[in-house]
Amino acid sequence: MNPCSNARRAFIAGAAMALACTCALGQTGAAGYPARAITIVVPFAAGGNTDVKTRLVAKQLGEILGQPVVIDNKPGASGNIGMELVNRAAPDGYTLGMGSFGPLAVNPWIYPKLNFNPRSFVPIILLEKSPLVLVTPADKPYQSIKDVIAAAKARPGHLNIANAGPGGAHHLSAELFESAAGIDMLGVPFKGGGPAAQALLAGQVDLMFEQTSAAVPSIQARKIRALGVTSAQRLQQLPDVPSFAEQGLPEVTVSNWMGYVAPKGTPPDIVARLHAAFAKAMEHPEVKDRILAQGNEFGGGSSQDFASFIDGESAKWSRLVKARNIRMD
């Protein structure tokens, strides 16, 4: 037998085996990933905080992974439309979602029906936690949470508190405050945080839970007064404003958080690759400084940390929604 023929057959067999191994690795996920552009679905309109932050992250993520990262805004139904799209995407690491407070922890309890299962996602990493601050117009008499509680108990249902629409962090923070303090206020819903803040500045409402980043300029200009922050500790941006916990209401700890998720079934090795890339992107000064400068808490941690955090948030808001009978019709 020709030795050269034997060597040729051995080479062909080895090449076939290597090809088979490569295919098998590709099927499990990570080999060669990513080989094309990745899309991050943002379930809110362009220009908002979730969109702006995700675009900053995407810029760094693309450089780290060596592929374009495209943002696809799919707003509507408090984030439900975009998350449904992510839920139905192929679990191959090429369609990801910006998951947040509403769609993952609140909407399952306030909407009678969702077209996605909030547990049908694989958490990748938490980006940030955004605390809120209870504010009042500067010409109102309230100087502390204690003053608000006293006024609300003296005249139940008389104090009014603005929110950016039912089911959002502004609204649910107020519901949590009322429940914890045993008071009754009149909620005034607006079509978004902008109109609610304008009503507050005009003195048309007594109170509002506002995102810290949005409230700080008006607080510094003494147009509104900060009464308490919903973070566990005081914020660097508002060092003179005590937390609700300091004022006897530790239950009122709220953050309007967001992070990144993949469709259920995404291979663990791809999730690990994405987690490492997101974590590196988040540490870039352009991203991290933007998060911290706005009074937000930097996220990070493992994928399991994020999963546990979501579970805790879901349980917390489930209890409140049921106790307060909050529904979206």
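**Cores and aromatic contacts in the predicted model**

The largest nonpolar core takes in 47 residues, and Leu 134, Phe 177, Met 185, Trp 257 and Trp 317 have the most contacts inside it. A nonpolar core here is a set of buried Ala, Val, Leu, Ile, Met, Phe, Trp, Tyr and Cys residues joined through side-chain atoms within 4.5 Å. Buried means under 20% relative accessible area, exposed over 50%, and partly exposed in between, with a 1.4 Å probe and protein chains only. This is a predicted model, so local features need pLDDT of at least 70 and side-chain atom pairs count only at pLDDT 80 or more, while totals for chains, interfaces and linings use all residues. Residues are numbered from 1 along each chain as its sequence is written, and side-chain values use heavy atoms, with hydrogens and water left out.

Elements giving two or more residues to the 47-residue core include α3 (80-87), β4 (121-129), β5 (132-137), α5 (145-154) and α11 (303-324). Helices (H or I, at least four residues) and strands (E, at least two) are DSSP runs numbered from the N terminus. The core lies between domain 1 (38-129 + 256-324) and domain 2 (130-252), because both give residues to it; the domain bounds come from an automatic or database domain assignment. Leaving aside residues up to four places away in sequence, Leu 134 touches, among others, Ile 145, Ile 161, Phe 177, Phe 209 and Phe 244, where contact means heavy atoms within 4.5 Å. There is also a second, separate core of 28 residues, with Tyr 33, Val 42, Leu 274 and Met 282 among them.

Helix α4 is largely enclosed by the rest of the structure, since 8 of its 10 residues are buried. Among these are Phe 101, Pro 103, Leu 104 and Ile 110. The cover over them includes α3, β3 (95-100), β4, α6, β10 (258-263) and α11.

On to the rings: Phe, Tyr and Trp (its six-membered ring) pair if their centres lie within 6.5 Å, with planes under 30 degrees apart counted as stacked, over 60 as edge-to-face and the rest as tilted. That rule gives 9 aromatic pairs. One of them, Phe 177 with Phe 209, is edge-to-face at 6.2 Å centre to centre and 75 degrees between the planes. The pair ties together distant parts of the chain, 32 residues apart, with Phe 177 in helix α6 (residues 169-181) and Phe 209 in strand β8 (residues 207-211). Phe 177 is buried at a relative accessible area of 0%, and Phe 209 is buried at 0% as well. Together with Phe 244, Phe 177 and Phe 209 form one aromatic cluster.
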